[in-house]
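Keep the viewer open and follow along.

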Amino acid sequence: MSEPNPYADGEYQWGPGQQGGTPGSPAYGYPQGGTPAYGYPQTPPPYQPTLPGGVPVPPQQPPAGTGAPLLSLGDITVVGDQIITPAGSMPLKGAVWNAMDMSRTEEKMPTVAIVLAVVFFIFCLLGLLFLLMKEKSTTGFIQVTVTSGGRHHSTMIPATGPDTIHWVMGQLNYARSLSM
């Protein structure tokens, strides 16, 4: 294939290297300077590592010079004009905050009260007052979600008592006031 064409008569030469012009000038069909057009080779975008789902890797630490945190709810932190989550930063302006109480408080009679009521019932009828003993226990979580800048993040805060929802709602209302 490197041999010259024996049938060529020398007056017409065809091929990519035979375009009229100087060597190094773009060949036929390529844009003549400027930015490359659609479908033509372009410089590849800079490498950005991704997680398996195609989610960009979040920054490992908050940007420098942002100041002290104003608010922290679970793994959501408000710093300056940003909301920092494990999934990345979101703008604070226009953020939508929501909370859902998924906790429950149960009230039951402890075993000690039943035993004391039975023992003291024999001696006097005042032993029945031990049946008024109650024990409260709170279990579950409070889910806090924030949506801003096309991103969404949710966190779960464990409920340690029946008043945990009131504390979370106070923090959430403060975050809403910062988002305006």
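Strands β1 and β2 run antiparallel and are joined by 4 bridges; strands here are DSSP runs of E with at least two residues, helices are runs of H or I with at least four residues, and both are numbered from the N terminus. Two strands count as paired if DSSP finds at least two bridges between them. Within this pair, Leu 71 stands opposite Val 78 in β2.

A quick word on the source: this is a predicted model, in which local features need pLDDT of at least 70 and side-chain atom pairs count only at pLDDT 80 or more, while totals for chains, interfaces and linings use all residues. Residues are numbered from 1 along each chain as its sequence is written, and side-chain values use heavy atoms, with hydrogens and water left out.

Back to the sheet. Val 78 also has a bridge partner in β3, namely Ile 83, and Ile 83 in turn has Met 90 as its bridge partner in β4. The pairings along this stretch look like this:

| Pair | Bridges | Sense |
|---|---|---|
| β1 and β2 | 4 bridges | antiparallel |
| β2 (76-79) and β3 (82-85) | 3 bridges | antiparallel |
| β3 and β4 (88-91) | 4 bridges | antiparallel |

The hairpin of β2 and β3 has 2 residues between the strands, and Gly 80 takes a positive phi near 60° there. β3 and β4 form a hairpin too, with 2 residues between them.

Put together, the 4 strands make an open antiparallel sheet in the order β1-β2-β3-β4. β1 (69-73) and β4 are at the edges with a single partner strand each, so one side of each has no neighbour in the sheet. On average, neighbouring strands are turned by 20° against each other, direction ignored; axes are lines fitted to C-alpha atoms (for helices, over the stretch in contact), and angles run from 0 to 180 degrees between N-to-C directions. Helix α2 packs on this sheet, touching β1 and β2, and its direction makes about 135° with that of β1.

Now for the other sheet. It is open and antiparallel as well, with 3 strands in the order β5-β6-β7. The edge strands, β5 (96-108) and β7 (151-158), each pair on one side only. The twist averages 10° from one strand to the next. β6 (residues 135-148) pairs with β7 over 8 bridges, and Gln 143 has Met 156 as its bridge partner in β7. Helix α2 (residues 164-179) lies across β5, β6 and β7, at about 175° to β5.

What does Thr 164 touch, leaving aside its neighbours within four places in sequence? Its contacts (heavy atoms within 4.5 Å) are Ile 142, Pro 158 and Ala 159. Thr 164 sits in helix α2 and counts as buried because its relative accessibility is 8%; buried means under 20%, exposed over 50%, and partly exposed in between, with a 1.4 Å probe and protein chains only.

Val 118, in helix α1 (residues 111-123), counts as exposed because its relative accessibility is 53%.

Finally, the whole chain. The protein has 2 helices and 7 strands, running β-β-β-β-β-α-β-β-α from the N terminus on. Of its 180 residues, 21% count as buried. Among contacts with a separation of 6 or more, 53% come from residues 24 or more positions apart.
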